[in-house]
Structure formats: structure tokens, C-alpha cells
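Have the structure open and follow along.

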Amino acid sequence: MKQANNSSSNQFTKKIWITAFAMFSMFFGGGNFILPPQLGSKAESQWLIVALGFCLSAVAIPLLGVLAQAKLQGTMLDFGKKVYPKFGLIIGAVMYIICLTLPIPRTASVVYELSVAPVFSINPLLFNSLYFALVGYLCFNRNKIIGILGKYLTPLMLVIILFMIGKAIFFIDNQIPTSQATNLFATGLLEGYQTFDGIASIIIGGVITISLNMDSSLSFSQKKRITIYAGIISGISLFIIYIGFIYTGTILSSQFPEQATRSQILSGVSQHTLGQMGYLLLTTAVTIVCFTTAVGIITGAGDFFKTISGGTNKNYNIIVILSCIVGILLGKTGVEYIIKIAIPILVLIYPMVIMLIFLNLVSDKWTSTFIFRLVISITFLFSLPDFISALGITLPSWFSTIPLSRYNLAWVLPAFASWGIGILIQKRS
């Protein structure tokens, strides 16, 4: 009996690690490579401040999103249905549209700037056409090679990344310059939005839930525990890598010109720490990660829109084709441009995503349909000024009096205050 219990416990532990491995693979894409080193390079001696801001939006919020999905045990459609019955459908569609028009084109840009342009003289539009032709082919055929590559690629990536960080920390003795930069916490926070992991956490949590539901041997509580433990393991892994990457960028900041792009800094960091062979391994890993991310999100979006529009394969095919065309056209604009145009959209959408995560995470006695509607409405209202400011439009002077507005977080206090007011109103009623 004892041996049977030990075997069952080992299987459960193995399931946790396999799920954590899959979750980390889903979170970690091309943007997660290129963003942290540049932050460290710009922050210099204040690297820890920018790292805290980045990890808040790129680790803490996604982790809470996964934990909320573990509690909810539903899909992305269930996440917003307490606001209005159709709100989950609307916010799900918006999230997928954002992913298809921003991070997906960026995967092609990252591959081109990091792996192709330094070696081959090829027009970016031609490269994007070839890239998305192959992506589209696999989206239509659901080739199993993506799963095989993902299974063996992630351990290889982790070894390369940890070796790069370890070598920078223990074997490179560069003096860190004193930084004169300001508002670095907000800079790190907004850069963390660019990973799209806060949005992705809701999608990934739903995918993990559906996958675990296919295993009839697991009870509801076991599936919940697996999701929670896997989320914590993934979150810790992301935190260690981000902190290491930011610090590595800081140590090597003197090696890069002030106007160096994110892709150039990542290339420089890898070459300084791993040499030419290590750089080739890293670019190969980044290329395959970007490619598998593109296939995964486009197929997920195709399935989503296919489901909500009657379940016809024709709609799936249309979404795949349109996504590839958008990727070709937007991908040629480059990583820096895509990141720039993403900022206004993210500062508008992310606050609502964050509050939906909190509302779904807490006990039901602290929420209701009324509270969901009140909090999300107030959050959206106070996110509008940040959105307008991100568009380059000057705001009235009174806006600066709102607490945290200088950090692009003017929505935070009103959102949580409206939540508290909603609870009081609910208790009196």
C-alpha cells in the first residue's frame, strides 16, 4: 500500500513539473529575450528599480492570472462574463486581435534582426513572406514537429540563458556606471507590459485547464493544485531569468552605444558572454521559439473565432490567412516600431486585464456582478488619460494631481477605491 501511495505521489509530482514546463514554454517567447538586457543597459546603477517594475508586470501579474484561472477552472470566456454575459467574448476577441497584430508580427522582426539580417542580405518583406508562409502551412496542418521542438528546446534555452547570466555575473568584472535616469520603475513596468504575459496568462491558464480536464484520473482539487504549483514554478523561473538578464545588461552597458536597439543589445550580450558559437545557439533557440509562438497563437486564435462563429473550418482558415498577411505587413516595420505602437494599446487594455485577474482571484464574498461592472468601468475610465498621453496628446494640468499618474498608474487607486465602495454598497443593500 505504501509503495502504491509513493508511486501515486511521484506521478502527481511529475505531472506538476510537466505542466510547469509546458506553462513556461508558453510564456517565454522572443519578446522575453530582447526586453530585459536593454532595460539593464539603460538603468545602469539603478537596475534593481527597473527590475522590480518589470517583474511586477511581467512575472507577478501573469502568475496571479494563472492562479485566478486555477480557482476559476474555466476558459478565457469565463473570465469576464460577470461583467456582462458577452463581455468575456468581447475581451477575449480583443486580446486575440492584439496578439495577432503586435507580438505575432514581432516574432518575425526579432528573427530577422537577430538571426537573419547580420548574416544574409535579404529584404525584410521577402523574409516575412517566407516566414509566415511556413507558419501558415503548419497552422493548417497542425504538424507535430512544433511540439517536439518545444519539448527539447526549452531545456536547451534554459541551459544557454543560465550559462550566459552566470558567466556575466561571475566572470565579467565591469564597473557599473552611475545612472542619471529618472522614473525607472514606471519604465520597467511599461516594458513588462510588452511581454504580453499578463494577457497571455488568461489564455495560457485556460489552455492548461482544458489540458488537465482531459485527464479523467485527476480530481478537481488535484487539477487546481497542479495549476497553482506549476504557475509558481514558472513564475520563479521567469523572475530568476529576468533579474539575471537585466543585471547582465547592466554589467555590459558600457559596451553598447546609447542608441543601440534591443536586438543589438541582446546580440552583444550573447557574444560577450558565449562567444560566436554560443551566439549561434542562442539565435537558433530564439528563432524556433518565435516560430512556435507564432504557430501557437495563430492556431489558438483560429480555434477561438471558429468556436464563436459556428465552428466552421472556413472561418478558421480565414483567420489563419488574415493573421499571416498582417504579420507580413507589420513585421517589416521592425521590433522597435512594433513596441512603440503597442504602448498606447497596452496602457488601455492591461489595467482592465489586471483588475479582472484580481476580481476572479479573490473569494466570491468580495465580488458580485455589480462590483465587477463598477470596478471595470472605473478602471477603463481612468486608463483613458494614460492612453491619450501615450498617443502624444498633452493632458490638462489637473491630471498630474491624480496619485501615481506620473507612473502611468492613475487608474490604480480609483480602481481599488471603487472596489471598496462597491463592497460597502453591497453590504448595506
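A crossing of two helices is called right-handed if the near helix is turned clockwise from the far one by less than a right angle, and left-handed if it is turned anticlockwise. With that in hand, let us look at this predicted model. The crossing of α14 and α15 is right-handed, whereas that of α6 and α14 is left-handed.

**α14 with α15**
- Helix α14 spans residues 335–361 and helix α15 residues 369–390; their axes come within 8 Å and cross at roughly 160 degrees.
- Angles over 145 degrees count as roughly antiparallel, so α14 and α15 are roughly antiparallel to each other.
- On the α14 side, the residues making the contact include I343, P344, V347 and L348, and on the α15 side they include I371, F372, V375 and I376.
- Sorted by class, this contact of α14 with α15 has 17 nonpolar, three polar and one charged residues.

**α6 with α14**
- Helix α6 (residues 103–116) packs against α14 at an angle of about 150 degrees, and the axes are 9 Å apart.
- This pair, α6 and α14, is therefore roughly antiparallel too.
- P105, R106, S109, V110 and E113 of α6 meet V335, I338 and I339 of α14.
- The classes in the contact of α6 with α14 are five nonpolar, one polar and two charged residues.

**A look at S57**
- S57 sits in helix α3, residues 47–72.
- S57 counts as buried because its relative accessibility is 2%, and the cut-off for buried is under 20%.
- Beyond its neighbours within four places in sequence, S57 is in contact with P62, G188, L189, G192 and Y193.

Notes:
Residues are numbered from 1 along each chain as its sequence is written. This is a predicted model: local features need pLDDT of at least 70, side-chain atom pairs count only at pLDDT 80 or more; totals for chains, interfaces and linings use all residues. Side-chain values use heavy atoms; hydrogens and water are left out. Axes are lines fitted to C-alpha atoms, for helices over the stretch in contact, and angles run from 0 to 180 degrees between N-to-C directions. Helices (H or I, at least four residues) and strands (E, at least two) are DSSP runs, numbered from the N terminus. Angles under 35 degrees count as roughly parallel, over 145 as roughly antiparallel, 65 to 115 as roughly perpendicular and the rest as oblique. Contact means heavy atoms within 4.5 Å. Ala, Val, Leu, Ile, Met, Phe, Trp, Tyr, Cys and Pro count as nonpolar, Asp, Glu, Lys and Arg as charged, and the others, Gly among them, as polar. Buried means under 20% relative accessible area, exposed over 50%, partly exposed in between (1.4 Å probe, protein chains only).
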